[in-house]
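Hello,

Here is the structure I said I would pass on. My notes follow below it.

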Amino acid sequence: MSLVVRAPAQTAAPRRRNVKLGRIVLRYAILLSVLVFAIFPFLWTLAIALTDKTAGGSIYNFPASLFPKAITLHNFVDVYRTFSLGKYVWNSISITGMTIIGTLLVSALAAYPLARFRFPGKGLIFAVIIATLVLPGETTFIVNTLTLKKMGLLGTHLGVVLPTVAAAFGIFLMRQAFLSIPQALLEAARLDGAGELTILTRIMLPLSVPSLAALGIFTLVGTWNAYFWPMLALSGAPDAVPLSVAVLKLKGQFNYDPFNIAAGSIIMMLPVLLVFLAAQRLFMRGMEGAVK
Amino acid sequence: MARSQPLGSKAPRSSSPRPRPRGSLRDTLLSYAFLAPALILLTLFTFYPLAYGSYLGFTEYGGARFAQGLAPKWIGLENFRTLAADPLFLTALGNSVKYLVIVPVLQLASLSVAVLVNKNLPGMAFFRAAYYIPVVTSISLAAVMWDWVYNKEGTLNWALGAVHLIAQGNFFGWLNNENTAFWAVMLVTFWRGFGYYMVLYLAGLQSIPAELEEAAVLDGASAWKRFWNITVPLMKPTILLCSLLSTIAALRVLEEVLVLTNGGPLNSTYTALMYVYSKAFQGFNFDYGLASAAGLVVAVVALLLSVANFRLFRESDGGET
């Protein structure tokens, strides 16, 4: 076989190089068309948000509307003022902030004994926490709204936050981080008479900053983007909704001004996009970690 | 699979710490004190709703009964009989099952894209990151943006018109047409999902030893043959995981439907979880019992499909060897 292949090699070499080049061109062509599919909606939204609406013209005037001639930031100011977007931005910050703090706190506290202590029921508790990853929760949102109502928390930010902060993902992540810290360090601290809470706050947490940051960033993106649960839990309190819910309300109410909607969307997307670009590797590796 | 991860799993092997000579009662009390917030919250907002929600499925609860503050009334299988006779639920369940066609398409697409970006050529890191952006996009933003794309005057019609696939006069709103709305919603699910699965496949691809590929190249195997005979078999665990994840996700589709079409037009996009949500929260006759029963049905179907997925892959495994 190999002889047959090798014999015409002299004449075939340039042709093979052409084939190779063609393959590379084809690869890039496919990747570029996938790229257009993936990010076109963003680019168009950005174009609409930056279009000077006073210059007239519809967003549907293709392809002109994809490349606005008169660029302005006025839409951002306009949507911020007329829809009192600041309120919703603040709601998003409040919900996301509380969720991050709560998640980090609850996860770190729960992960410490799971990583470092021996106690009866440890295996069972860990299994039960991991089980929440696969249990089908199709009806939990119904009962959770009833529970929050009973607690008087329906329609409050705390009510949105509380059911989400104890999650297997965070506890598992922090447990892994704590497991990697040398036992000798803890023993030394104990000999010096440090209490467990001191060990946790002075040794474990400072040494787990990368994991805490990862968990914080994941929580930030997830919470900032969340739609269904905050929409449901805050359905009786329209002034308390986060941006993700408000943006769609604006769309329903003010569909005639797509420029402002686009500007509002960009305002909403910006924090997540910046965090993603800064922590891209972390995100993708975090997902890869899920395979193992 | 031994690639380094930044998520703190540096040495998971050195796991079990040696037992300390301290009093174990103290350790136990401390442990439970530290675990208390997590356990209380998980019990209150995960385990209790799972149990109580399942119970509600067998009761009459909601509407007038709820307004008067009466307790749920046990009615056995009545809710399930109602569901079996409700054409809307059957449509919803049918749509959810029909939604599963996204699974093979999504998996094949994201595996192919992963293979394409898994090469040391300039720009690949950029493509990977860009493809991931839809994954970190809120569903409400997706709704705003895709609404414009699908609009009667939107970019999709314009693009199809430009290549003469539709005539100018025949433009229609893709989300308002009962023949297209379902597929239009699915495309958004696809758009938000393919970057996610691509990254999972990428991780799997990078764990394939390069020597295998090189040996196959030396043997003169074509790229296509290498893909089917080396990549796919070695990627089986990842393919199984991804199709399992996307099967369950497809069955649980709710947000896309809610924000893009609210189940319409003519219930063509109404999915099973949409039914659960709307029976419990939309309109005035909210019915927690019936909604919970519908949720149970979805949960059971999800479970069965997961098992079927496992079976399917194991059988095809046996067939090949």
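Across the interface of chain A and chain B, the rule finds two salt bridges. Note that this is a predicted model.

One salt bridge joins the side chains of A:Glu196 and B:Arg26. The N to O distance there is 3.8 Å, against a cut-off of 4 Å.

Polar contacts come next. Twelve residue pairs are in polar contact across the interface of chain A and chain B, with both residues at pLDDT 80 or more.

Now the side of chain A that touches chain B. Helix 2 of chain A, residues 9-50, gives the most to this side, with 17 residues. By type, the residues of this side split into 72 nonpolar, 19 polar and 13 charged.

On contacts, 104 residues of chain A meet 104 residues of chain B. The area buried between the two chains is about 9,500 Å². Carbon and sulfur atoms give 75% of that area. Which three residues supply more than any other three of the area that chain A buries against chain B? They are A:Arg27, A:Phe37 and A:Glu138, and they supply 7% of it.

Last, an annotation on chain B. An unreviewed UniProt entry carries "domain: ABC transmembrane type-1" over residues 93-309 of chain B. In the model, that stretch of chain B is 70% helix and 0% strand. The C-alpha atoms at the ends of residues 93-309 are 19 Å apart.

Best wishes

How values were computed:
Residues numbered from 1 in each chain as written. Chains lettered and ligands numbered in written order. Heavy atoms only, no water. Contact = heavy atoms within 4.5 Å. Buried area = accessible area lost by both parts, 1.4 Å probe. Polar contact = N/O pair within 3.5 Å; in protein donor to acceptor, adjacent residues only side chain to side chain. Helix = DSSP H or I, 4+ residues; strand = E, 2+ residues; numbered from the N terminus. Nonpolar A, V, L, I, M, F, W, Y, C, P; charged D, E, K, R; others polar. UniProt positions renumbered as here; feature names shortened; annotations may be inferred.
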